[in-house]
Amino acid sequence: MKSREIREMTTEEILNALEDSRVALFNFRFQKASGQLEDEVAPTRTRREIARMKTILRERELANNV
């Protein structure tokens, strides 16, 4: 998911997507430990998506406080 796509989402949608991404990352850890992880890049992609979402949420928080 690109930053542009995240910015078009509402705050609630971002929070829901953030929770889904965290669950996915948790599942990737189990898949990797058991040797069932097929896409080795997926955890890295998910971590970056989480970072993007958190960054945009923080930007919105700061914009509301100014």
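What do the buried residues of α2 pack against? They pack against α1 and α3. Contact here means heavy atoms within 4.5 Å.

## About the model

This is a predicted model, in which local features need pLDDT of at least 70, side-chain atom pairs count only at pLDDT 80 or more, and totals for chains, interfaces and linings use all residues. Residues are numbered from 1 along each chain as its sequence is written, and side-chain values use heavy atoms, with hydrogens and water left out.

## Helix α2

Start with helix α2. It covers residues 11-34, which makes 24 residues. Helices are DSSP runs (H or I, at least four residues), numbered from the N terminus. From first C-alpha to last, α2 reaches 35 Å. That is close to the 34 Å expected at 1.5 Å a residue. The expected span is 1.5 Å times one less than the number of residues.

Six names make up the buried list of α2: Ile14, Ala17, Leu18, Ser21, Leu25 and Phe28. Buried means under 20% relative accessible area, exposed means over 50%, and partly exposed is in between (1.4 Å probe, protein chains only). Just after α2 comes Gly35, with a positive phi of about 80°.

Side chains of opposite charge can pair when their charged atoms come close. The structure holds three salt bridges. Each is a side-chain nitrogen of Lys or Arg within 4 Å of a carboxyl oxygen of Asp or Glu.

Take Glu59 and Arg7. Their side chains meet in a salt bridge at 2.6 Å, N to O. Glu59 lies in helix α3 (residues 42-65) and Arg7 in helix α1 (residues 3-7), so the pair ties together parts 52 residues apart in sequence. Glu59 is partly exposed, at 36% relative accessible area. Arg7 is partly exposed too, at 44%.

## The other two bridges

Which residue does Arg58 meet in a salt bridge? Its partner is Glu61, at 2.7 Å, N to O. Both lie in helix α3, three residues apart, or about one turn of the helix. An α-helix has 3.6 residues a turn, so residues three or four places apart point the same way. Arg58 is partly exposed, with a relative accessible area of 43%. For Glu61 the value is 41%, again partly exposed.

Arg45 pairs with Asp39. Their side chains form a salt bridge at 2.6 Å, N to O. Arg45 is partly exposed at 44% relative accessibility. Asp39 is partly exposed at 33%.

Notes:
Helices (H or I, at least four residues) and strands (E, at least two) are DSSP runs, numbered from the N terminus.
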